Amino acid sequence: MIPEQLTSFAFYQKKKNILLYRARDRSDRTRGYVLKSIITKDEAVRQAFYDEYESLHGLSSPHLPAYYALWEDFRYPDRDGVYLTLCMEDCSDRKPLSGMTPGHRDLLRIILRTGEILLYLMDRGILYTDLNPSNVLVTGEGKDLEVTLLDFTFCYYYARNPYPSYPLRFSYSLDPSLRGHQLLIQELALLLQEMMEQEEDSYRSSSLYFLLETGLHPSKSLYLKDYLALIEKSLI
């Protein structure tokens with residue numbers, strides 16, 4: 001649903017080429033939105049916004065923020081000028097993994113749920129490259145645990161734009177020789193490694209170390225769905 005009239009604007013972050021605001025819909029103040037705007041004239045960055053919107057606004061998943069609109073000439077009440085702006089669902093009611101210390105089994109569930117989202121996206125022509133604990137949002141625990149992924153700007157939208165003019169954004173240093181499935185497996189393993197290093201004593205488990213080593217050095221025959229099956233098996 002595209003908001004008819006936004007209100008209650010609140011600036012909360014400025015990145016290199018991007019402004020981030022939160023806002024509400026005047027007709028329904030329970031609905032929250034994130035506004036992401038370009039503050040550069042770089043055409044490659046503009047193309048990244050178009051690729052992001054066109055690739056994601058048609059997807060309907062509780063594990064992704066909804067994309068409502070892309071405005072060419074949006075105006076903020078506290079800023080001069082017009083901005084190319086994405087309007088998305090505000091997911092700030094969910095906890096970032098970066099502020100959590102989940103138990104062993106919940107950590108495995110988080111990695112599994114995250115991998116399932118990566119596979120869902122890949123099946124739709126999107127290689128998610130910005131995986132890190134701040135972009136993984138978590139709700140619930142145990143078997144009710146769910147994950148949402150954030151921040152899709154500068155990901156690889158290979159179905160729409162296989163040769164992007166903008167650089168892709170990687171949170172981790174991945175092996176450039178790896179192909180899509182293996183790249184995502186290594187990305188998941190590096191997320192697991194980062195969480196294990198933060199709380200080393202809490203995650204002394206042979207199953208975690210097996211999944212870590214397998215994921216950090218994936219064979220060419222290992223597909224993402226196979227790696228997820230290994231994680232799921234370790235939860236039985």
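These legends walk through a few close-up views of a predicted model. Residues are numbered from 1 along each chain as its sequence is written, and side-chain values use heavy atoms, with hydrogens and water left out. Since this is a predicted model, local features need pLDDT of at least 70 and side-chain atom pairs count only at pLDDT 80 or more, while totals for chains, interfaces and linings use all residues.

View 1. The structure holds 11 aromatic pairs (rings of Phe, Tyr and Trp, its six-membered ring, with centres within 6.5 Å; planes under 30 degrees apart are stacked, over 60 edge-to-face, the rest tilted). F9 belongs to strand β1 (residues 6–14) and F74 to strand β4 (residues 67–74), so the pair ties together parts that are 65 residues apart in sequence. Strands are DSSP runs of E, at least two residues, and helices are runs of H or I, at least four, numbered from the N terminus. F74 is buried at 12% relative accessibility, and F9 is partly exposed at 25% (buried is under 20% relative accessible area, exposed over 50%, partly exposed in between, with a 1.4 Å probe and protein chains only). Ring pairs also link F9 and F74 into a cluster with F11, Y21, W71, Y76 and Y83.

**View 2. The charged end of R22 sits over the ring of Y12.** The distance to the ring centre is 3.9 Å (for such a charge, NZ of Lys or CZ of Arg is within 6 Å of the centre and within 35 degrees of the ring normal).

**View 3. L121 sits in the largest nonpolar core.** That core has 65 residues, and L121, V136, L149 and F152 have the most contacts inside it (a core is a set of buried Ala, Val, Leu, Ile, Met, Phe, Trp, Tyr and Cys residues joined through side-chain atoms within 4.5 Å). Leaving aside neighbours within four places in sequence, L121 is in contact (heavy atoms within 4.5 Å) with L56, L59, L64, I126, Y128, L149 and F152. A second, separate core of 12 residues includes A23, Y33, F74 and C87.

**View 4. P167 lies in the loop between β8 (146–149) and α3 (180–198).** With a relative accessible area of 63%, P167 is exposed. F154 is 13 residues from P167 in sequence, and the two are 6.8 Å apart in space, C-alpha to C-alpha.
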